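Please find below a colleague's note on the two-chain model under review.

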Amino acid sequence: MTQTHTIETIESTEYTTANYKNGLIAGIPIGLGYLFVSFTFGMTAILAGLTPYEALLMSASNCTSAGQLAGVNLLVGQSNYLELLVTVSIINSRYFLMSTSLSQKLHPSMTFLKRLIISFGMTDEVFAVNSVEVKDVTFSFFMGVFTFPFIGWSLGTLSGALVDNLMNEPMQHAASIAMYCMFIALVLPPSKHHKDIRFVVVLTLIFRVLFATLPFLNQISEGYTIILCGIFASLIGSFRYQEEKLT
Amino acid sequence: MNTYLAILIMASSTYLIRVLPMILFKEKINSPFIQRFLHYVPYCMLTAMIIPGIFNSTGSTNSAIAGFVTAIILGYMEKSLITVSIGAVIVTYIAECLL
């Protein structure tokens, strides 16, 4: 007798059911945030000398703000292809950890081909929502989450590239905080309810302060600092909370 | 540099970084320690990206603080992603105009 998949386990009521529609809904704030951020990227790209089409192509094929910004700067700065490859890879290296993390959380229905497909959409926020909102990540949920972000990121870039100075400065500044607020909304509730998560979050903050102030550590670039602080805090948390039930 | 080739290189390297673990780690890693570690990773990475990034995101640190505090309050109240974002953006905008 075949057993039907249950997408949602019974104990964890704080998780959403992993279907496309729920993914779509969860992705709306990400899409909105991306609209804002990619708009400014579009403007930056134009200033750097790209055409609107090139800016759109870059965004649609990369879906990463940090890496794209670095790439644009290197393009303008008359760099070479090798430096471009290395720099973009290092800046994006956190995605390696994210994909590893999410690879452990995939629903059994996720085939190899589907893995290849969803990997394209592994952005910071998409990863975060998939990690936190559902128990097992299904293909439909992930693609649901990725839908609006992809549209927002592409459309926003194009809009920013085509329109000049539509937003005044205070609006631009206010909009650029949107992404960080999304992160806060994702991290705070679990921290509130689970002491082990609270612990690693606070530890990460402490590490960031250390990395910002101590002599050798404050020379380390932002990308590496994020990875190191994240890894150290997670490691220490894993040692400390061996008995704690995984949520 | 040719722009299209540069875009291709960027997109390829970004995708490669993302897809490699999905190819390498096909089985569930059975070690409870590693599972726990990977469970904490998203929360730590997000936290590491928020602080101090959020304070540099707007033009002035003060408006960023205003937005940050708003987001903390709304986030603690477990409001939705949209509510937290929009609430903080509005407060930041007001702060930007006033300061």
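1. The lining of the largest pocket consists, by class, of 18 nonpolar, 13 polar and four charged residues. Here Ala, Val, Leu, Ile, Met, Phe, Trp, Tyr, Cys and Pro count as nonpolar, Asp, Glu, Lys and Arg as charged, and the others, Gly among them, as polar. A pocket is found on a 1 Å grid over the protein atoms alone, as an open set of points where a 1.4 Å probe fits, with protein on both sides within 12 Å along at least five of seven lines; lining residues have an atom within 4 Å of a point.

2. The model is predicted: local features need pLDDT of at least 70, side-chain atom pairs count only at pLDDT 80 or more, and totals for chains, interfaces and linings use all residues. Residues are numbered from 1 along each chain as its sequence is written, chains are lettered from A and ligands numbered from 1 in the order in which they are written, and side-chain values use heavy atoms, with hydrogens and water left out.

3. The largest pocket holds about 950 Å³ of space, a volume being the space filled by probe spheres set on the grid points, which are joined across faces, edges and corners. Of its 35 lining residues, V37(A), S65(A), A66(A), L69(A) and Y180(A) are the closest to the centre. Both chains contribute: the elements that each supply at least two lining residues include α1 (20–47) and α10 (178–193) of chain A, and α3 (53–57) of chain B. Helices (H or I, at least four residues) and strands (E, at least two) are DSSP runs, numbered from the N terminus.

4. The second largest pocket contains about 540 Å³ of space. It is lined by 24 residues, of which E14(A), V132(A), E133(A), A185(A) and P189(A) are the closest to its centre. At least two lining residues come from each of α1, α7 and α10 of chain A and α5 (81–98) of chain B. The largest share, five residues, belongs to α10(A). By class, this lining has 13 nonpolar, seven polar and four charged residues.

5. Chain A has 12 helices and zero strands. Its radius of gyration is 19 Å, close to the 18 Å that the globule rule gives for 247 residues, so chain A is as compact as a globular protein of that length. This radius is taken over C-alpha atoms, and the rule is 2.2 Å times the number of residues to the power 0.38. The C-alpha trace of chain A spans about 60 × 50 × 40 Å along its principal axes. Of the 247 residues, 51% count as buried (under 20% relative accessible area with a 1.4 Å probe, protein chains only; exposed is over 50%, partly exposed in between).

6. Chain B comprises five helices and zero strands. Its radius of gyration is 19 Å, well over the 13 Å that the globule rule gives for 99 residues, so chain B is more spread out than a compact globule. Its C-alpha trace spans about 50 × 45 × 20 Å along the principal axes, and 52% of its 99 residues count as buried.

7. Where does L20(B) lie? This residue belongs to helix α1 (residues 3–24) of chain B. L20(B) is partly exposed, with a relative accessible area of 34%. Between L20(B) and Y40(B) there are 20 Å in space, C-alpha to C-alpha, and the two are 20 residues apart in sequence.
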